[in-house]
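The tour goes from one selection to the next.

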Amino acid sequence: MSVHTCSSQHHTMLAEFAHRGMPTHTQPSKSKCSVSETSHPTITLSCSRFRQVLSRPFIFPLEHFMTTIPTIVTSSAAGFQPAFKPVITQDRHACALASIAIIASTTLADVFAKAEELGMPATGPYNQVLDGDFLAALLAKFGWTATVWKECTKVSTLPDLSIAMVDYDADWEVGRHVVVHRAKASHDAKMVTYAIDPTAEKPALHVRTDLEALAPTWYIGVHPMGKAPATSAKK
């Protein structure tokens with residue numbers, strides 16, 4: 001597999017991280033990350049290891065710079081085939097990592113390995129490090145750019161690709177992560193918005209279109225690195 005090192009992508013990523021307040025090698029180092037006082041779901045972590053990783057050159061396979069959001073799903077009058085392959089997990093805490101595996105078209109094991117490279121513990125609890133900044137850095141390893149967490153007021157305003165939080169508990173600021181994708185159906189050109197749920201209770205719910213029932217509360221928009229976010233949502 002060919003490997004590509006690109007300083008422009010490196011600087012673009014660092015700029016995006018800096019915009020989120022993430023540490024980069026151009027910013028002074030602190031012993032701990034600052035505590036977020038926002039109401040959206042974030043977790044504070046001690047991230048000296050995270051800073052060490054981000055200060056190194058980014059090296060990605062070439063295909064990571066060829067990511068695209070599918071604009072069409074194969075369909076018929078009977079149904080449709082999701083453009084992203086579901087990744088299912090029995091680990092109730094791995095829904096965020098499984099969502100990244102779905103978007104990156106890779107395995108959950110691969111995402112775990114990349115997450116550990118960024119400082120996620122290889123053993124023991126790990127959910128405490130999976131805040132928005134960490135997920136953005138992890139998506140970047142696969143050639144994707146993520147927004148900050150945003151509140152979802154209604155499903156129709158979600159971007160064409162996102163990681164959304166459902167079953168959200170406002171007191172604990174936790175929920176389950178699902179992938180939401182919007183694209184045109186191939187047989188009638190109508191828009192299809194569906195969710196891939198990595199930890200759904202029943203197999204029939206792994207891919208679903210009843211997003212109003214899922215009631216996403218927060219979301220992270222996802223788009224290919226170096227490209228502007230795309231949306232075909234109705235305002």
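Helices (DSSP runs of H or I, at least four residues) and strands (DSSP runs of E, at least two) are numbered from the N terminus. A helix axis is a line fitted to C-alpha atoms over the stretch in contact, and angles between axes run from 0 to 180 degrees between N-to-C directions.

This is a predicted model, in which local features need pLDDT of at least 70, side-chain atom pairs count only at pLDDT 80 or more, and totals for chains, interfaces and linings use all residues. Residues are numbered from 1 along each chain as its sequence is written, and side-chain values use heavy atoms, with hydrogens and water left out.

**Whole protein**

Start with everything shown. The protein has 6 helices and 12 strands. Of its 235 residues, 47% are buried, where buried means under 20% relative accessible area, exposed over 50%, and partly exposed in between, with a 1.4 Å probe and protein chains only. Contact means heavy atoms within 4.5 Å. Taking contacts between residues at least 6 apart in sequence, 65% join residues at least 24 apart.

**Helices α3 and α4**

Select residues 95-104, which are helix α3, and residues 108-117, which are helix α4. Their axes come within 9 Å and cross at roughly 110 degrees. That makes α3 roughly perpendicular to α4; angles of 65 to 115 degrees count as roughly perpendicular, under 35 as roughly parallel, over 145 as roughly antiparallel, and the rest as oblique. The crossing of α3 past α4 is right-handed: a crossing is right-handed if the near helix is turned clockwise from the far one by less than a right angle, and left-handed if anticlockwise.

Now show side chains. On α3 the contact uses L97, A98, I100 and A101, and on α4 it uses L108, V111 and F112. By class, this contact has 7 nonpolar residues, no polar and no charged. Ala, Val, Leu, Ile, Met, Phe, Trp, Tyr, Cys and Pro count as nonpolar, Asp, Glu, Lys and Arg as charged, and the others, Gly among them, as polar.

**Helices α3 and α5**

A96, L97 and I100 of α3 meet L135, L138 and L139 of α5. The classes in this contact are 6 nonpolar, no polar and no charged.

Next, select residues 218-224, strand β12. Is this strand largely enclosed or largely open? All 7 of its 7 residues are buried, so β12 is largely enclosed by the rest of the structure.

- β6 (residues 144-146) pairs with β12 in the antiparallel sense over 3 bridges, and A146 has V222 as its bridge partner.
- β7 (residues 150-151) is antiparallel to β12 over 2 bridges, with K150 partnered by Y219.
- β8 (residues 161-169) pairs antiparallel with β12 over 4 bridges, and I163 stands opposite I220.

**Last stop: V222**

Zoom in on V222, which lies in strand β12. V222 counts as buried because its relative accessibility is 4%. Not counting residues up to four places away in sequence, V222 touches I69, I103, L139, W144, T145, L161, S162 and I163. Draw a C-alpha to C-alpha distance from V222 to I69: the two are 9.0 Å apart in space and 153 residues apart in sequence.

Key. Pairing = 2+ DSSP bridges.
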